[in-house]
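Good morning, and thank you for coming. I shall begin with one term and then turn to the model.

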Amino acid sequence: MSFETELSKGKFSIPECLTCKKIIWPPSEFCDNCNGETSLKKGEFEGKIIEFSRQDKNYFCMVEFFDSIRLIAKMTTNPKKDQIVKISKCGITNGNYFFEII
Amino acid sequence: MQKVGIIAHGIIPFTKEDHKIESILHKSTNDLFQKNTNIDKKEIDAVLVSTNNNSKYLSPVLSEMLGIQPKIAHSIESLCNSGTNSIVSAYSYISSGLADMVLVSGAERYDSPGQILEWDNSRGEFKHPIFWASIFSKSYKRKFGISDEQLALVSVKNHKQAKENPNAISKKTYTVKDVINSKKLTDDLRLLDCSRPCTGSASVLLASEEMAKKYTDMPIWITGIGQKTTSAGFTKNTSLSSMESTKIAGQSALKMSNHTVSDIDVAEVHDAFSVCEPMALESIGFTNPGKGMSMVKELHDTNNFKINPRGGLIGTGHPLGATGISQTIEIVQQIQKTAGNRQTDNANVGLVHNMSAASTSSTVLVLER
């Protein structure tokens with residue numbers, strides 16, 4: 001089960017090394033630390049807004065999970081720096097990942 | 001290591017026009033050879049083409065168009081700092097003894113595929129560079145209490161300086177109000193805060209000391225090189241208000257050249273967006289963190305062209321593969337005192353800063369007579 005397969009089903013998961021437990025981001029089959037294989041941690045993860053800006057009505061926010069994963073996600077309400085958020089929607093459209101947070 | 005110098009250069013005006021990549025490569029190299037008729041093209045050992053264009057086998061194509069058969073011919077792609085990376089490769093070929101004379105030619109079209117790093121899915125649906133630039137701008141403004149109006153001065157200064165550059169895409173000057181009133185792309189970025197993708201080409205000829213002295217009385221030596229890659233993905237940047245790769249590359253280049261930043265008389269820095277100029281100035285060490293805009297304001301108020309004399313990327317345009325080479329040509333001209341109305345006083349040691357993909361990699365060169 002790959003990260004992208006899960007993401008295409010609208011599920012956000014976290015790739016973690018089976019050997020050294022390092023979280024690997026961007027997602028990869030192999031660990032960039034010990035070259036071990038990775039598996040996916042599933043669940044509802046909380047992230048923190050590091051920075052944000054806005055285009056038209058939508059905000060785009062850099063969000064950090066577990067001090068190691070950072071991604072840019074859409075938010076429709078007014079964000080605050082350091083706000084704790086969850087991924088409400090995600091997937092792949094035309095080959096591009098998308099993430100939405102609340 | 002052998003000394004390596006820049007002995008000739010050629011460039012064409014940057015434009016929004018639609019030209020074939022092969023044609024513009026040929027034009028800038030032709031400009032180089034027309035201005036330096038004493039150079040025997042047959043002595044060129046290597047031809048390196050800097051571009052993000054999808055056309056294939058461009059170095060052998062350019063070599064054939066020039067009527068030469070070099071030992072080494074290949075392309076180099078590294079998004080926006082392809083140009084200086086190609087110069088570093090040329091330097092390496094010469095300093096190692098594999099080549100005595102290397103032609104480096106950079107070119108890009110206005111519709112370059114290098115403008116967006118498709119691989120970087122951590123940016124989600126926000127892959128266009130305006131989104132990382134907005135995050136950088138917001139973070140820089142927040143951390144140092146800088147306003148949009150203050151940042152707009154980078155664009156005002158660099159458009160003013162570009163007006164003295166016949167090869168620049170911009171022919172206009174703008175006020176802070178013009179920048180603020182230009183199209184709002186995001187809450188933190190206006191159209192005039194951005195460099196423009198365009199069509200352009202620039203070429204330089206590098207040579208060993210012996211070969212350089214055969215062809216010119218005024219070679220400009222590359223005395224410092226620094227390069228650093230911290231990641232490929234924007235979200236891996238540890239700081240959103242400084243450029244880590246630039247900091248490291250700048251320190252390496254200055255150390256290699258046995259100079260400190262206070263010895264630098266003139267510099268081209270990679271102002272892909274307004275906020276990049278103060279961030280680069282601070283990261284290289286020209287000024288302290290948060291003081292980049294004070295430096296920009298002082299330079300602008302005193303009409304001092306020390307930083308980005310050709311107008312930077314914002315004023316000159318940003319044909320990715322040609323940008324680093326065009327920046328290098330400007331510093332060569334400044335040191336040779338041939339920069340015309342853009343000439344800065346006492347330009348003896350110059351610096352080029354060229355970076356890629358939200359400063360995930362940087363190249364810094366130090367040049368001197």
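Two residues are in contact when their C-beta atoms, placed from the backbone, lie within 7 Å. Helices are DSSP runs of H or I with at least four residues, numbered from the N terminus.

This is a predicted model, in which local features need pLDDT of at least 70 and side-chain atom pairs count only at pLDDT 80 or more, while totals for chains, interfaces and linings use all residues. Residues are numbered from 1 along each chain as its sequence is written, and chains are lettered from A in the order in which they are written.

Let me start with helix α10 of chain B, residues 292-301. Its buried residues are Gly292(B), Met293(B) and Val296(B); buried requires 20 or more other C-beta atoms within 10 Å of a residue's own, exposed 12 or fewer. Viewed down the axis of α10(B), the buried residues fall within an arc of 90°, so they line one face of the helix; the arc is taken over the directions from the helix axis to the C-beta atoms. These buried residues pack against α5 (148-162) and α9 (276-284) of chain B. The face turned away from the buried side carries the exposed residues Glu298(B) and Asp301(B). After α10(B) comes Asn303(B), with a positive phi near 55°.

I turn now to the contact between the chains. Chain B contributes 18 residues and chain A 18 residues. On the chain B side, helix α4 (residues 129-144) gives the most, with five residues.

Finally, which residues does Leu205(B) touch? Leaving aside residues up to four places away in sequence, they are Ile7(B), Ala8(B), Leu32(B), Ile39(B), Met101(B) and Leu103(B).

Note on methods. Helices (H or I, at least four residues) and strands (E, at least two) are DSSP runs, numbered from the N terminus.
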